[in-house]
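Morning, everyone. I have one structure to show today. Please have a look at it while I talk.

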Amino acid sequence: MEEILKRFASGKIDIKEACRELKRESVRRVKDFARIDMNRLYRTSIPEIIFAEGKSSVEVADIALALASTENFALISRTRENDVAEIKKHLKDQKEEFEIRYNAVARTIIVKKHGYEFKKTGKIGLIAAGTADMPVAEEARVVAEVCGCEVIKAYDVGIAGIHRLVEPLEEIINANVGAIIVVAGMEGALPAVVASLVNVPVIGVPTSVGYGLGGKGVAALISMLQSCSPGLAVVNIDNGVGAATFAAKCACRKE
């Protein structure tokens, strides 16, 4: 974009040509199945995140390599082991060196150029009520770190043994975080408890963990939406990505 603007400023191209080139730069087509939003990170502070569900492993690999080769990295959510194998196969044809970080619990893959590091410009807390909530919590952690956050986490501190929350919550508050993500299934009470104790935004994430009628996250979602604790926002069931990106915007906002 800077190069295009410099050529326009020097008179080498007119405004119509500059507009055409800028439009071409903003979207990159991958074969006939994807259009990558190349400027999303600069426009919103949140990078393009590839959602693997519903895509073949070949499509995931093609999109990931196209994005990583231009933006230095690609983040993929809801992945499968086959996606990792296909990306490794694609990397054999690349001239540049890339590394893969696969988190099997979070079901995320990061493909990044060798030596590239994510800058940390903010800090958030991350709390999971139970061990069964870890996959969603880990998805949130990975996404938040890519979005520029240092993450201070505490897992298995739910309300069934509320005394477990005291020490890790004190640590998170003392770290001066910009937001706290709280992940919980069952009745989803923990986010409301945390929101009643802290002075930063809390993002509740209901998970599809539970029994019977309220299972699959419905009871947790309704409980969080009905909370009387002020300062609590709620994302959809199992939406670690949504929670992490919102928390990052709270914690990494520009002064």
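I will go through the pocket, then the aromatic rings, then a pair of strands.

Keep in mind that this is a predicted model.

Let's start with empty space. Rolling a probe the size of a water molecule over the atoms shows where empty space is left. Here, the largest pocket holds about 550 Å³ of space.

Next, the rings. A pair of aromatic rings is described by the distance of the centres and the angle of the planes. The whole structure has 3 aromatic pairs.

Take Phe73 and Tyr116. Their ring centres are 5.8 Å apart, and their planes sit at 20°. Stacked means under 30 degrees, so this pair is stacked. Where do the two residues lie? Phe73 is in strand S4, residues 73–77. Tyr116 is in the loop between strand S6, 108–113, and strand S7, 122–128. The pair therefore ties together parts that are 43 residues apart in sequence.

Tyr116 has another ring partner, Phe118. Those centres are 5.4 Å apart with the planes at 90°, so this pair is edge-to-face. Put together, Phe73, Tyr116 and Phe118 form one aromatic cluster.

Is each of these residues buried or partly exposed? The cut-off for buried is under 20% relative accessible area. Phe73 comes in at 5%, so Phe73 counts as buried. Phe118, at 12%, counts as buried too. Tyr116 has a relative accessible area of 25%, so Tyr116 is partly exposed.

Last, the strands. S7 pairs with S8 in the parallel sense, over 7 bridges. What do S7 and S8 make with helix H6, residues 134–146? They make a right-handed β-α-β unit.

How enclosed is strand S8, residues 149–155? Of its 7 residues, 5 are buried, so S8 is largely enclosed by the rest of the structure.

To recap: a pocket of about 550 Å³, one aromatic cluster of Phe73, Tyr116 and Phe118, and a right-handed β-α-β unit from S7, H6 and S8. Over to you.

Definitions and conventions: Residues numbered from 1 in each chain as written. Predicted model: local features only at pLDDT ≥ 70, side-chain atom pairs only at ≥ 80, totals over all residues. Heavy atoms only, no water. 1 Å grid on protein atoms, 1.4 Å probe; cavity = no way out; pocket = protein on both sides within 12 Å on 5 of 7 lines; lining within 4 Å. Points joined across faces, edges and corners; volume = space filled by probe spheres on them. Phe/Tyr/Trp six-rings, centres within 6.5 Å; stacked < 30°, edge-to-face > 60°. Helix = DSSP H or I, 4+ residues; strand = E, 2+ residues; numbered from the N terminus. Buried < 20%, exposed > 50% of the residue type's maximum accessible area, 1.4 Å probe, protein only. Pairing = 2+ DSSP bridges. Right-handed = clockwise from strand over helix to strand, strands pointing away.
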